[in-house]
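Here's a short tour for anyone meeting this structure for the first time. Have a look around, then read on.

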Amino acid sequence: MKQLLTAIIISLAIAACSNDDKFSISTADKLTFALDTVKMDTVFSKVPAPTKSFWIYNRSSASIRCSKVMLEQGNQTGFRVNVDGEFLSPEKGYALTDIEVRKGDSIRVFVEITSPEQGQLSPKLVSDNLVFNLESGAQQKVNLNAWSWDAERITNLVVKGEHTLSAGKPIIIYGGIKVDSASTLYINEGTTIYFHDGAGIDAYGKVISKGTAERPVTLRGDRLDRMFDYLPYDLVSGLWKGIHLYSSSMENEITFTDIHSTYDGVVCDSSSLDDLKLDLAYSTIHNCHGYGLKATHSVVNVTASQITNSFYDCVSANGGFVGITNCTIAQYYPFGNSLRGMALRFTDQCNTPQQVSYLGVNGFLCINTIITGFDNDVIMGEMNDTTNTYGYKFQNCVLTTPEVQGDSVHFENVQWKGALADSTFVLISHETQHYDFHLDTLSCAVGAAEAMYLPPHDRDGKPYNQQKPDIGCYSLSTSPKSNTKSFARRKEF
């Protein structure tokens with residue numbers, strides 16, 4: 001009986017192996033692809049793009065052998081493919097033979113691209129087909145495509161004297177940009193600079209980034225692909241280093257410039273209070289994994305700018321003089337929870353007897369500005385000097401912090417609001433990480449600003465309504481007239 005059972009088991013095993021070794025020659029038996037097109041999004045020419053992959057399944061009743069798997073155009077498009085652990089290499093003629101997919105089994109395909117230069121300014125579609133010739137004579141294809149964009153690659157740029165980066169091809173920075181002392185880096189309107197991981201701007205000299213409302217400057221990371229289907233890497237923080245203005249760096253100007261998805265947006269080191277260190281106007285610093293704007297013992301003016309969503313503080317003012325007018329400072333950084341920093345933190349640390357004063361305030365002055373966020377208290381003032389040499393004032397602001405009563409010296413015409421107390425902004429989407437900080441029509445900031453200190457126009461380049469101007473960097477309703485009495489645009493130090 002045991003011998004009979006053993007014989008039966010062996011026979012079944014032989015039959016099973018025989019069945020598995022039988023490869024279909026029927027054109028009705030085909031492979032099932034998880035997708036029919038592999039889209040690589042937009043890639044820079046001559047720069048390796050991130051890998052994508054997909055599965056191939058055999059759901060037929062028999063095993064299938066591919067007599068040949070090949071790239072239809074060979075090496076002409078820059079695609080690189082690995083099928084079931086084997087690379088379609090030049091030595092193999094960008095093709096593989098006898099790829100087997102057993103019944104009920106699957107294999108995985110990996111796709112990369114390093115596209116050649118296209119010889120044009122705009123992105124160009126690059127396409128190829130991955131062809132599967134089955135042993136039955138049937139043929140199946142998966143399309144591979146990407147938009148290839150010629151770019152200028154710069155590695156470890158050192159600016160000595162004067163150097164200008166201008167619009168044209170996208171500029172990719174590897175290693176970083178160092179601006180020597182007594183040197184100036186100019187970034188012209190319409191220029192977009194893509195920083196590779198770890199790259200940034202280290203300025204010992206001067207940075208002049210001058211965009212316009214119609215043609216802003218954009219400083220961002222170089223990842224053009226997506227982390228998830230719903231989340232482009234451009235919405236992810238910490239993709240590049242940011243801008244660091246060292247002690248010797250003075251008279252920096254950043255105008256109509258979009259700085260986002262960085263580690264620190266702009267960091268200002270301690271320096272002389274005799275002159276302006278940074279004039280930040282009509283600009284955006286958004287989605288930082290560190291600080292948005294950090295200023296230590298320096299003179300910084302911020303006008304009609306958006307500084308939002310930082311893991312640490314959105315704005316950190318440590319001594320010196322920081323003036324903010326008609327800005328939107330909002331802490332809706334989607335991660336960190338209790339570890340998340342403040343929308344605004346101001347301190348008298350690093351202050352010296354030398355003071356810079358405007359409107360009778362020496363230290364921190366905030367006018368016509370929204371400061372809000374997720375929490376009921378997103379503002380922190382830390383005063384250590386009992387001699388009161390460091391002063392601060394908020395005027396015509398919307399503040400998300402517990403109300404301070406009976407203090408008209410430091411707070412004038414302030415609206416105290418809890419977290420999400422009203423419909424302040426057009427869109428706050430924690431789930432998709434999309435944010436639009438333009439004012440909602442129901443916002444308490446509408447028509448509540450002090451006209452005397454309005455900048456010439458808002459973040460979008462639109463004039464403020466002189467009769468009922470809005471608090472924040474975006475104006476909901478406008479009038480053709482403008483006022484130039486912005487304290488942050490006048491060098492009266």
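Which residue in E8 does Val83 stand opposite? Val83 faces Val109 there.

## Before we start

What you're looking at is a predicted model, where local features need pLDDT of at least 70 and side-chain atom pairs count only at pLDDT 80 or more, while totals for chains, interfaces and linings use all residues. Residues are numbered from 1 along each chain as its sequence is written, and side-chain values use heavy atoms, with hydrogens and water left out.

## Sheets and strands

Strands (E, at least two residues) and helices (H or I, at least four) are DSSP runs, numbered from the N terminus. Two strands pair if DSSP finds at least two bridges between them.

Back to Val83 and Val109: strand E5 (residues 79-83) and strand E8 (residues 106-113) run antiparallel and are joined by five bridges. Both belong to an open sheet of five strands, with antiparallel pairing and the order E1-E3-E8-E5-E6. Its edge strands are E1 (32-33) and E6 (86-87), each pairing on one side only.

Elsewhere you'll find parallel pairing. Strand E18 (residues 217-221) pairs that way with strand E23 (residues 257-260) over three bridges, and Thr218 stands opposite Asp258 in E23. E23 also pairs in the parallel sense with strand E26 (residues 284-288), again over three bridges, with His286 in E26 as the bridge partner of His260.

## A closer look at Val131

Val131 sits in strand E9 (residues 124-134). Is this residue buried or exposed? Val131 counts as buried because its relative accessibility is 1% (buried means under 20% relative accessible area, exposed over 50%, partly exposed in between, using a 1.4 Å probe and protein chains only).

Leaving out residues up to four places away in sequence, Val131 touches Lys68, Val69, Met70, Glu72, Gln139, Gln140 and Lys141; a contact means heavy atoms within 4.5 Å. Met70 is 61 residues away along the chain, yet the two C-alpha atoms are separated by 5.3 Å.

## Rings and charges

Rings of Phe, Tyr and Trp (its six-membered ring) pair if their centres lie within 6.5 Å; planes under 30 degrees apart count as stacked, over 60 as edge-to-face and the rest as tilted. The count by this rule is 25 aromatic pairs. Take Phe311 and Tyr333: their ring centres are 5.9 Å apart and their planes at 55 degrees, so this pair is tilted. Both residues are buried. For Tyr392 and Phe411, the centres are 6.3 Å apart and the planes at 70 degrees, so that pair is edge-to-face. Tyr392 is in strand E38 (residues 391-395) and Phe411 in strand E40 (residues 411-412), 19 residues apart.

Arg59 lies over the face of Tyr57, at 4.5 Å from the ring centre, and the charged end of Arg65 sits over the ring of Phe23, 3.9 Å from its centre.

## The nonpolar cores

A nonpolar core is a set of buried Ala, Val, Leu, Ile, Met, Phe, Trp, Tyr and Cys residues joined through side-chain atoms within 4.5 Å. The largest has 60 residues, of which Ile177, Val266, Phe364 and Phe394 touch the most other members. Strand E13 (residues 171-179) gives the most to this core, with four residues. A second, separate core has 31 residues, including Val38, Ile64, Leu71 and Ile99.

Definitions and conventions: A charge sits over a ring if NZ of Lys or CZ of Arg is within 6 Å of the ring centre and within 35 degrees of the ring normal.
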